[in-house]
Amino acid sequence: MEKTIIKVGLASCGIAAGAQEVYDRLEAYLAENPLPVQLKQTACIGMCFEEPVVELSGMPQGSITLGKVDADNIIPLINEYIQGGTPASHVILAENCDAPRNELLASQQRIVLSNCGVIDPTSLEDYEAQGGYEALRKALAMTPEDIISVVKDAGLRGRGGAGFSTGVKWSFARVAPGDKKYVVCNADEGDPGAFMDRSVLEGDPHKIIEGMIIGALAIGADEGYIYCRAEYPLAVHHLNIAIQAATAKNYLGQDILGSGLNFTLKVKEGAGAFVCGEETALMHSIEGKRGMPTIRPPYPSESGLWELPTNINNVETWANIAWILLHGAEEFRKMGTKDSPGTKVFALAGKVAGSGLIEVPMGINIRDIIYKVGGGMKSHLPFKAVQLGGPSGGCIPESLLDTLVDYESINATGAIMGSGGIVVMDTGTCIVDVARYFLNFTQNESCGKCTFCRLGTLRMLEILTRITEGKGEMEDLKRLEDLAVNINKSSLCGLGQSAPNPVLTTLRYFRDEYIAHIEEKRCPAKVCSALLSYRIVEDKCIGCTLCARVCPVNCISGSVKNPHVIDQELCIRCGECFKACKFDAIVRE
Amino acid sequence: MHKDHVNLDALIYKYRDQKGALIPLLQEVQDLEGYLNPDTMRYISAKLDIPVAEIYGVATFYSMFRLKPQGKHIIRICKGTACHVSDVDAIKTALMDYLKLGQGEDTTQDFRFTLVEVACLGCCSLAPVIMIDDHTYGKLTPDAIAGILDKYAY
């Protein structure tokens, strides 16, 4: 009998959806019923909307992946597979037959995510079986200058958002004078709506470590840090396991694989400060200080961690390195565009059907990401906007959906590539509320060093709040634009410089919606509660009294089996009655 | 002065010679004592010869550090973009109601729960999301809150 392999996706999104219970149930079942089956864990294949996800392989019908399984249905499902069947109800991917998500995966090109959801992230052997650490062996036989030229020729650009050439950055650190140098991985993925780095850290930690070792060889560093958010406990856990395993096999440590070169790596946990994603702030945080940005130059490549030359790249950038070394610059350039070669990982979230993680070649357009790779809209409401780049980015309207995904084209819209968060919004989302949400975020996270960032964002937030409460005036739009220009000019770091972007892009593409809030005192998406009113339609109300019972301020009156009435003076517009009514008798205007 | 010197001294000893160790030290001290109290910060300052202002500066800069006693279980409400557009505010209201927390309060009277807002938990496709201790709960509805919190006995 063939041996069946069961892999359960145990990344934090899978666990949140119940994958741990599925795994535990399988483990208990297999302990009692010895079957020719091997139970393994893996991380996130990227199809978060189908979680919990389980992959079955080893039988003649080929490998299949099941979605939305639970602890109750998993046992019959695996038994069906072991007996040669394909449980049609839950199959999302299949090797040898049609399955609903086959095309979704086929439309992607996976370098960074190649092992995510495939290998057990806690197993070094699994990583090696996929060709892991071969790039390191290759790099050990090369000169540092040759390694840097391969990365330069590949045209890899920093995936953290700014898109600076990685090879050029490395060469600066390489030539900086000094014996002691550092490499750092920025895993402080703070953008709300972004989870690319979390999935790679959880799902394939060795890929990042291998990239960092190669980077350290290239610039001549013997010590490195991975600065990871403390909100990602599983990522920290998997990184520590991986570092220990790599050290035991001498991929890390002293005299790496007999080369005479040394490199040690540590994980530093963040402590909850968005600004620490900025490189100078991040380094101060590693030093144990308040994470406040400092002026550049000097750049980290000359004076970084403890004022020594430091090369800092983000998770996705590091995760590209081993592939580039192994396959060469020319192969890498076959993907993507001339100026933005390679692929980009995006985290799709919001009102899109296929929310999760995708990796696509640069140069694809945004429409294809949402409608082809992402499977279109989730809700019955039409598309309204897509938010790219988190609090530093912007909202792009339908008319610009054909914009190509490369650094220059996206910058031209006023948004930024950012780290890869894509939040899709439908017409039920209020654009002014979204702008206010982002300003509230950056205002909270401003470190307070620069006056324009500290106070300017607060003034902008006050104005936006006023508009959502129906107290705005047309002059406010001009005030917002003036503040935006000055905050951008007068802030030291990227947080402040880009903080106005969400407001500027929404003012540019959705100005009508601001005007509706100001002049008509109306929120077209029916989100801003101060601008809404609730009314009971007499014909539809059967007098069930439910609304009166849920109303927190007792402003609904009426007797049983008779139409009720809302006292508009007392109503606080919480919407509880609207949600509770089972007869559609309450209208929101 | 400080009552639990033995454990605290062990932590200080562990990090004494490491560079840049203040943040992990404070994190472990917080794990030990539940929060950073002024006496503890003064004690660390004297032991490590770091100005107390510097320690206080770090403790107040990062959102993970708490300067007040906190509950046994920490509930983190995700305020990320995807959660925001999925009405996480309704989840927050349900939590506040269940925990009987008034405006501006974050810890229950029996010190069972502390409620904090965090930037983004990175489980956006399961929005709205909360995290209790190290466990994430996704696709929440206000009605689901009571059932989840009941699992966390004092």
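**Entry 1: what I'm looking at.** I noted first that this is a predicted model. I'm keeping that in mind for every value below.

**Entry 2: where chain B meets chain A.** I asked how many residues each chain brings to the contact. Chain B gives 36 residues and chain A gives 51 residues. Then I looked up the buried area between chain B and chain A, which comes to about 3,300 Å². Carbon and sulfur atoms give 60% of that area. On the chain B side, I found that B:Lys19, B:Phe61 and B:Thr81 supply 19% of what chain B buries against chain A, more than any other three residues.

Entry 3: I went looking for salt bridges between chain B and chain A, and the rule finds one. Which side chains make a salt bridge at 3.6 Å, N to O? I traced this one to B:Lys19 and A:Glu223. B:Lys19 is also one of the three residues I jotted down for buried area.

**Entry 4: domains of chain A.** I wrote down the domain assignment for chain A: domain 1 (4–106), domain 2 (124–332), domain 3 (343–426), domain 4 (431–519) and domain 5 (533–588). Between them, 15 residues of domain 2 are in contact with 22 residues of domain 3. The area buried between these two domains of chain A is about 1,400 Å², with 58% from carbon and sulfur atoms. I saw that A:Arg159, A:Phe195 and A:Met196 supply 36% of the area that domain 2 buries against domain 3, more than any other three residues.

The rule finds two salt bridges across this domain interface. I also noted a salt bridge between the side chains of A:Arg157 and A:Glu408, at 3.1 Å, N to O. Polar contacts between domain 2 and domain 3 of chain A come to seven residue pairs, both residues at pLDDT 80 or more. The domain 2 side of this contact has five nonpolar, six polar and four charged residues.

**Entry 5: A:Thr310.** I found A:Thr310 in strand β9 (residues 310–314) of chain A. Is A:Thr310 buried or exposed? A:Thr310 counts as buried because its relative accessibility is 1%, and the cut-off for buried is under 20%. A polar atom of its side chain lies 2.8 Å from the backbone oxygen of A:Leu308. Beyond four places in sequence, A:Thr310 touches residues including A:Tyr182, A:Met283 and A:Pro300.

**Entry 6: A:Gly46.** This one sits in the loop between β2 (37–42) and β3 (54–57) of chain A. A:Gly46 has 4% relative accessibility, so A:Gly46 counts as buried too. Leaving aside neighbours within four places in sequence, I list A:Arg110, A:Ser355, A:Gly356 and A:Leu357 as its contacts. I also looked up A:Gly354, which is 308 residues from A:Gly46 in sequence and 9.4 Å from A:Gly46 in space, C-alpha to C-alpha.

Technical notes:
Residues are numbered from 1 along each chain as its sequence is written. Chains are lettered from A and ligands numbered from 1 in the order in which they are written. This is a predicted model: local features need pLDDT of at least 70, side-chain atom pairs count only at pLDDT 80 or more; totals for chains, interfaces and linings use all residues. Side-chain values use heavy atoms; hydrogens and water are left out. Contact means heavy atoms within 4.5 Å. Buried area is the accessible area (1.4 Å probe) that two parts lose on being put together, summed over both. A salt bridge is a side-chain nitrogen of Lys or Arg within 4 Å of a carboxyl oxygen of Asp or Glu. Helices (H or I, at least four residues) and strands (E, at least two) are DSSP runs, numbered from the N terminus. Buried means under 20% relative accessible area, exposed over 50%, partly exposed in between (1.4 Å probe, protein chains only). A polar contact is a pair of N or O atoms within 3.5 Å; within protein, one must be able to donate a hydrogen and the other to accept it, and residues adjacent in sequence count only if both atoms are side-chain atoms. Domain bounds come from an automatic or database domain assignment. Ala, Val, Leu, Ile, Met, Phe, Trp, Tyr, Cys and Pro count as nonpolar, Asp, Glu, Lys and Arg as charged, and the others, Gly among them, as polar.
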